[in-house]
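Please have a look at the screen first.

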Amino acid sequence: MEIIDNLALGFSIALSPYTLILAVVGCFLGTIIGALPGLGPSNGVAILIPITFTLGLDATSALVLMTSVYYGAMYGGRISSILLNIPGDEPALMTTLDGYPMAKAGRSGDALVLSGVASFVGALLATVGLMLLAPMLARVAYLFGPAEYFALYLLAFCTLGGMASNNQAKAALASCIGLGIAMVGIDSASGMPRLTGGNLHLYDGIDFLVAIVGLFAIAEVFFFIESHGKNSSIGVKLGKVTIPWKDIFDTKWTMLRASGVGFIAGILPGAGASLGSFMAYMSEKAIAGEKGGFGTGVAKGIAAPEAGNNAAAGGALVPMLTLGVPGSGTTAVLLALLMTLNITPGPTLFTDRPEVVWGLIASLLIANFVLLLMNVPMVKIFVRVLMVPPWVLLPGVTMVSFVGIYSLSGSYFDLLLMVGFGVLGYVLRKLDIPTVPVILGILLGGNMEDALRRAMVISDGEWTYLYSSPIAIGLWIAAIVGFVAPMFLRSVLRKPQRITD
Amino acid sequence: MKPRFLKVMITSAVLGFGATGAMAAECVAPANPGGGWDFTCRQIGKIMFDIGAVDKPVQVTNMAGGGGGLAFNHVVAERNEDADLIVAASTATSTRLAQNAYAGMTADQVRFVGAIGIDPGVIVVAADSPHKNLADLLNAVVADPKSVTFAGGSAVGGFDHMKPLMLLQRAGLTDITKVKYIGLDGGGDAITQTIGGFTQAMTGDMSEIVGFLKAGDIRVLAVLTDERVAGFEDIPTAVEQGFDVVAGNWRGLYIPRGVSDETFDMWAGRLQKVADSDEWKEAMAANGLAPFTKVGDEFQGYIDNLIVEIRQMSKDIGVIQ
């Protein structure tokens, strides 16, 4: 069995003490980041990326650390959902619907354990899915030419844009801002500088990590300054934590179904974990019907979204690794990390760098067990963390951001640029314009332009080439549906504007 | 650089004129450690010492910047008569000189002393392609340039783009601006697009295609070397198919212009010794290089012709004025 051999290779890397420590640290930091309201997986990973450069980690180690943070944040998000009725991150929103009522009924410990187990099931199944599906999908890359890639990038913009805002026009505007920023620098086909204003620092384009840290981390600090750092407080007391065996047993089918739904939602480019938890919750609610009592604090209402969003986190890694197109906001940030580390995602990644891919998969399996331990027996530690006052936390975020970006490029111009992006992020959020499409634009704009230009060379400028194959047509239809459909689902899909994944 | 430069100056002043033979030679790699130029300096330098061609270890200096332009300028402006200096070079050096990418400096400001290995150029099609040999493919392009798109790992105007153009000129195509070429991020992507049928042929280097060759997805129409490459004896050369093009990413050295002919011959001789050594054969096998030994005046002639040809083609396709 090839998979067994590959896994053996993966575990030989993941079980080295150093990698193992990184995975544990990543899980711990991730859970904290997820638990803190406001900090979600995508800005959590964005804040921590500079640390990987400061520590001088190699590709595999950096990837293991960051994906552990990602998985950890997906676990941690449920803690404040259940205890505070504030989602720790956006995918955990659906968990508040039944989690908080259950906690108010005096069963906060049960709710935390049950949701932790559901997260474990979802993430474990998704990692197995990733393991089985990704190598198969790697062959799919042979079916993708410039036209198909162009349509695929468009799909990512449309579905993420469609999910990321309650207003499609604002999402489209945000994508265009990102695409515009991606145009800065030397045009690879003609060698002419574009939009640089004669500034030599801009000839190489704008580093997406600078933009990401600015838009997420620095903007977060501005919001903190504005709110004068009010302390967060626990709304519901956490009693003795016991394991609710009966609830876990009763929800086993719910967890399995929700994992499947979440995994598929994660694979769709751009849709991400929010869609995963939403679809998992809605489908379970429909199966249970009126008698199910969803929304009043039932076990299934907690298990479904948690299994769903953790499964989606694993699913989102599939298109990122095989096609280089992120499946969610956080994987977009991870893709930026990969590209900075000189790893090109795509079909050859699995043959050229098996140690990266399989080391990552093995680490995810290990991280999952670590996370189960942290989030069930040790959950009280993280409840404590919720009481850390923001005036301690956010100066730390600022310091990490500045040191990290400076160590990346050694250029103080980049620091100014980062602060500039922080201001941009603050203004955009004040205007209710989502920032994730901006990041996506900066990240994928260059590739999308290259794909378009190559398509035009191949077809001698014939634009119908862009939708000339069945795959391309399918992607175009999916893109349009993905952008338009949320408008009609708005009545069902009420959610706050803050998007973190 | 300054302190080391001063040190060299002072040392040579102290030692006087006759002592150059006893001095440690310096090899400048015009890039950061880890790349092809760095490999050239470190391997050639080490083997020269190991086989006794030089009597002190060759010191390697990394001088990255401007795609090799910084080191080129340094040699021309400050070290023009330094007999103990060698600089790593490759196809990229000659292509950039031909396209005037070193801020107006020209190839005749240094002396190209030799190349002793090459990553051979290849022309590849998908296994199910209708083009069975190089003539099939080239004739199809000559008949209808729109019918074939080439994919390669370098940008428009880069050396991967030049290889099919050289072949097509030999095949009788007059207007090479009609040839369709897309540049992707590396040879792997270019092959993927070709196997997928989006482009009809791939132009790249041997080292980029070995993995795909084993998988049986591709057919190599030609390798652009004088002789068939050891280990790949079933791949025909372009020369034996009637298209006289020898091109690839060669690894070699240049030295300053201002040295004597004796110094030039001395370095050529040392390089020949490295090329003949077993150590170098091992290093080539480990790094996917094929033998390509041209030293002394023969190499200078090869470079001069290559630069003239690339400059003319770059003008023809509009990369330079």
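Helix α14(A) passes α20(A) in a left-handed crossing, where left-handed is the word used if the near helix is turned anticlockwise from the far one by less than a right angle, and right-handed the word if it is turned clockwise. Helices here are DSSP runs of H or I with at least four residues, strands are runs of E with at least two, and both are numbered from the N terminus.

Before I go further, please keep in mind that this is a predicted model, in which local features need pLDDT of at least 70 and side-chain atom pairs count only at pLDDT 80 or more, while totals for chains, interfaces and linings use all residues. Residues are numbered from 1 along each chain as its sequence is written, and chains are lettered from A and ligands numbered from 1 in the order in which they are written.

Two packed helices are described by the angle between their axes and the distance between the axes. For α14 (residues 329-340) and α20 of chain A, the angle is about 30° and the axes are 10 Å apart; the axes are lines fitted to C-alpha atoms, for helices over the stretch in contact, and angles run from 0 to 180 degrees between N-to-C directions. Which residues meet there? On the α14(A) side they are Gly329(A), Ala332(A), Leu335(A) and Ala336(A), and on the α20(A) side Val436(A), Ile439(A), Leu440(A) and Leu443(A), where contact means that C-beta atoms, placed from the backbone, lie within 7 Å. This contact has 7 nonpolar residues, 1 polar and no charged; Ala, Val, Leu, Ile, Met, Phe, Trp, Tyr, Cys and Pro count as nonpolar, Asp, Glu, Lys and Arg as charged, and the others, Gly among them, as polar.

Helix α14(A) has another partner to show you, namely α4 (residues 59-84) of chain A, and these two axes come within 11 Å and cross at roughly 170°. That angle makes α4(A) roughly antiparallel to α14(A), since angles over 145 degrees count as roughly antiparallel, under 35 as roughly parallel, 65 to 115 as roughly perpendicular and the rest as oblique. Ala62(A), Met66(A), Thr67(A) and Tyr70(A) of α4(A) meet Thr330(A), Leu334(A) and Leu337(A) of α14(A), and the residues of this contact divide into 5 nonpolar, 2 polar and no charged.

Stepping back to the whole chain, chain A has 21 helices and 2 strands, and 56% of its 501 residues count as buried, that is, with 20 or more other C-beta atoms within 10 Å of their own, whereas 12 or fewer makes a residue exposed and anything in between partly exposed. Met183(A), in the loop between α7 (168-182) and β1 (185-186) of chain A, counts as partly exposed because it has 16 C-beta neighbours inside 10 Å. Leaving out residues up to four places away in sequence, Met183(A) touches Arg194(A), Leu195(A) and Gly445(A).

Finally, let us turn to chain B. The contact between the chains takes 16 residues from chain A and 16 residues from chain B, and on the chain A side the largest share, 3 residues, comes from helix α20 (residues 436-458) of chain A. That side of chain A divides into 9 nonpolar, 5 polar and 2 charged residues.

How values were computed: Two residues are in contact if their C-beta atoms, placed from the backbone, lie within 7 Å.
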